[in-house]
Amino acid sequence: SSPVAQRPGAHRDQQPAMIFASLIGRRSPRCSGRRLPMVARRYCAAPAAQEESAPAPAAPVKQAMTPQEMVDFLDRYIIGQRDAKRAVSNALRSRWRRQQLPDELRAEIVPRNILMVGPTGVGKTEIARRLAKLVDAPFIKVEATKFTEVGYRGQDVDSIISDLTEQAVKRQRSRLEAQYSEDAESKVSDTILDALLGQTKESDRPKWMDLLKKGDLDDRMVTVDVPMNPRPAESFQGGMDQGMQMVRMVPSGPGRMEKQKLKVGEAKERLKQAALNQLISAEMVVSTAVEAVEQEGIVFIDEIDKVCQGAGPRFSGDASAEGVQRDLLPIIEGSEVSTKYGPVKTDHILFVCVGAFSSVKPSDMLAELQGRLPVRVSLNALTEADFVRVLTEPKNNIVRQNQALLGTENIELVVPPETIQEVARVAYEINTYVENIGARRLHTVLEKIMEDISYEAPTKKEDERTVVVTPQMVTEAIAPLMKKMDLSKFIL
């Protein structure tokens, strides 16, 4: 008998219609909303009893932040680049405004895709990453150079949306697991106590429950029904049915069970996962995740300038050159990409493209692609004063990180202001005469200074537990780098 026929409360007259709907891909009473691949539709029809016990939770209402609040948040982690912060904040606020519009007008509003132009190490990636975390949106960062034109061996640009959807599914699954965790743990505790105690006095049960929650019974052996360990997925050379992929990637239902004798600690983990699978259906995860990708997804494409060609012939044998731009164009314009979780529309995904554009210009990009990146922002190279701020102002700056790391060895690291100034001066000078890698140069300089301190920290005596980093120590540690820099000035 079909899973639908076993559904409690389903009228017999409705059963053929429901089965027929699942076969032809129409929306059925069980799988209302988004269309899923055929196997996925049959699959989400299966855990009917689960859905009755754990209905899909309503989407949380997000508190909309103003652009000023977003910029203030970014100022805690990123120095300068106010124009870029404002552009990304406005783009995210525009998405919230779009959600407030009537359906007819909402479909016409396109995202404010952004092109950031600036040298490496000035905070381009960090701006997008921090804001995506702040608004809790699906986010993926990719390098444009890792993709190849369609027809060549390698990754095509459709994998961007597939990977973004994959992340969103895992994110949604984690959310639901956190939401249902308490219910699952309660169910597991009852199951384990029944197996441990059998028929015992009800008055003794709270005492045993308290011991179980504290972990005092974790080393005891118990015989319980646990899910069978699934066999590893086979490797297919050819294609695989999308719905079957979804079933494998999004577990649902208790699966096949078998009796095993386990330690209570291990039994708790396996039974909890089984309980969560029973409470969370595949449709609850996939439909919400795909909706989040389509409405809130952010794609950050780095090194976009590396797939541009300068003036001259527009043909190249490079499979990662201008052909990648042509393949990116329909995704950024808005299209439907097939993924293992069903089709995903890209019309309202926010795209942030970034490049240094040192050997080419933004105008060397395809005209159509330029038109789909209407917001253009230039980021400035960091100065010596900016380096001082990077070392002192951000909430978790790298000086504070090193102090916390050495604190685990009971070492107090003191970095006076004059030392901070010297580190900033040296880093800026190396960037000027060797190669400008932005704030990443500070990591290079600090690692060189901290090398001996970190090495000797575990063996220091009690009276040597306070280490003061002086400007002289900076000069001595960086001397080899400065010699190489002096030679580089004379290379033609």
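**Exercise 1. Locate N113, decide whether N113 is buried or exposed, and list its contacts beyond the sequence neighbours.**

Step 1. N113 sits in the loop between α6 (103-106) and β1; helices (H or I, at least four residues) and strands (E, at least two) are DSSP runs, numbered from the N terminus. The model is predicted: local features need pLDDT of at least 70, side-chain atom pairs count only at pLDDT 80 or more, and totals for chains, interfaces and linings use all residues. Residues are numbered from 1 along each chain as its sequence is written, and side-chain values use heavy atoms, with hydrogens and water left out.

Step 2. N113 counts as buried because its relative accessibility is 3%. Buried means under 20% relative accessible area, exposed over 50%, and partly exposed in between (1.4 Å probe, protein chains only).

Step 3. With neighbours within four places in sequence set aside, N113 is in contact with I332, I349, L350, F351, R372, L373, P374 and V375. Contact means heavy atoms within 4.5 Å.

**Exercise 2. State which way the side chains of β1 point, and identify the strands that pair with β1.**

Step 1. In a regular strand the side chains alternate between the two faces of the sheet. In β1 (residues 114-117), I114 and M116 point one way, L115 and V117 the other way, and all are buried.

Step 2. Two strands pair if DSSP finds at least two bridges between them. β1 is joined to β8 (residues 350-355) by four bridges, and the two run parallel. I114 stands opposite V352 in β8.

Step 3. β1 also pairs with β9 (residues 375-378) in the parallel sense, over four bridges. Here I114 stands opposite V375.

**Exercise 3. Give the strand order of the sheet and name its edges.**

Step 1. The order of this open, five-stranded sheet is β2-β5-β8-β1-β9, with parallel pairing.

Step 2. β2 (139-143) and β9 are the edge strands, since each pairs on one side only.

Step 3. On average, neighbouring strands are turned by 15° against each other, direction ignored. Axes are lines fitted to C-alpha atoms, for helices over the stretch in contact, and angles run from 0 to 180 degrees between N-to-C directions.

Step 4. Within the sheet, β5 (residues 298-302) and β8 run parallel and share four bridges; the partner of I298 in β8 is L350.
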